[in-house]
Amino acid sequence: MLCDLHTHSTASDGQYTPVELVRLAQERGLDVLALTDHDTVDGLEEAVQAGERAGIRVVRGIELSAREYPTFHILGYGFDPEAPALSALCRELKEGRDRRAPRIIAFLEEQGVHIPLSEVEELAGGQIVGRPHFAQVLVRHSYVSSNREAFDRYLDTEEFLRRVERPKPPAQVCVETIQAAGGKVSLAHPYQIGVDNEKLEAIVRELAGWGLDAIECFYPQHTLEQRDFYLSLVKKYGLHVTGGSDFHGEKVKPDIGLATLEVETDWLLS
Ligand code: AMP
Ligand code: ZN
Ligand code: FE
Ligand code: FE
């Protein structure tokens, strides 16, 4: 079974629609694809239906950002997308993003960077507005030459994180909301939390206490040492392994294609 359990579509900040994404997964020869858009379930039914037509098992997923660290992402899988608490959380997070958008524009203005909010919103297509949308508009207007540079210079600076960040739920709320919707929970790309191994283990122990199911051990940017450490935590805390590419499309993340991972997915698909 070849799978990619971490991907994004136009429902959040990915380049391809859910249907296009399933098509790409089919071309790549995947058996299992999870769509894990940021803070939304809006692309899931379209993806599941396209998967049925293409003979690919599409797992309903989501990626939530927790507040304890600048990048602390929690993946949910196989939940009921209409569960009330999850719907309420997604609504709240979308509102936080919509309120952040004009503040990002103002933050950029202060630095002599002028891009129209309308263009960012048009790119987002009325769905989740993410920093990658701003990055692409900054490239279009020649303020930077790549999305990477947009993040390095403007959208992921200390000042940005201090002044423009959006409200995020505590990790425990992320975990429990996914569980209450009947889903499984995996800790996404642990290296991005940016803590040492000892601290990371403490985080995993705490998450496991709340019912964490898995750790995303396989991720393009993980070193072999990191991967092995995460696999050792999986073993120690009796968890499952997940893995994915974090595919957003080449316009968003030029160097990341769909993964073809062989990980055990029976626990996710049952
Ligand atoms: P948001 O949730 O809208 O604040 O933005 C998160 C998105 O921005 C994720 O898809 C990340 O992949 C992307 N992102 C965050 N930091 C960076 C960075 N330094 N370089 C490139 N992409 C980033
Ligand atoms: Zn993203
Ligand atoms: Fe993430
Ligand atoms: Fe992601």
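Okay, ground rules. It's a predicted model, where local features need pLDDT of at least 70, side-chain atom pairs count only at pLDDT 80 or more, and totals for chains, interfaces and linings use all residues. Residues are numbered from 1 along each chain as its sequence is written, chains are lettered from A and ligands numbered from 1 in the order written, and side-chain values use heavy atoms, with hydrogens and water left out.

Let's start with the largest pocket, at about 940 Å³. By pocket I mean an open set of points on a 1 Å grid over the protein atoms alone, where a 1.4 Å probe fits, with protein on both sides within 12 Å along at least five of seven lines; lining residues have an atom within 4 Å of a point. The volume is the space filled by probe spheres set on those points, which are joined across faces, edges and corners.

There are 35 lining residues, and Arg148, Phe151, Asp156, Gln192 and Lys253 sit closest to the centre. Helix H6 (147–155) is one of the elements supplying at least two, and H6 gives the most, 4 residues. Helices here are DSSP runs of H or I, at least four residues, and strands are E runs of at least two, numbered from the N terminus. Both domain 1 (3–86 + 170–269) and domain 2 (90–164) put in at least three residues, with bounds from an automatic or database assignment. The lining splits into 14 charged, 12 polar and 9 nonpolar.

Now, ligand 1. Which residues come nearest? Of 13 around it, His38, Arg97, Arg100, Arg131 and Asp156, where "around" is a heavy atom within 4 Å. For polar contacts, pairs of N or O atoms within 3.5 Å, Arg131 has a polar side-chain atom 2.7 Å from a ligand oxygen. Asp156 reaches a ligand nitrogen at 3.0 Å, and the Lys253 side chain has an N or O atom 3.4 Å from a ligand oxygen. The protein covers 84% of the 500 Å² of accessible area that ligand 1 has on its own, by Shrake-Rupley with a 1.4 Å probe.

Last, the second largest pocket: about 210 Å³, with 14 lining residues, 4 of them from E3.

Technical notes:
Nonpolar A, V, L, I, M, F, W, Y, C, P; charged D, E, K, R; others polar. Polar contact = N/O pair within 3.5 Å; in protein donor to acceptor, adjacent residues only side chain to side chain.
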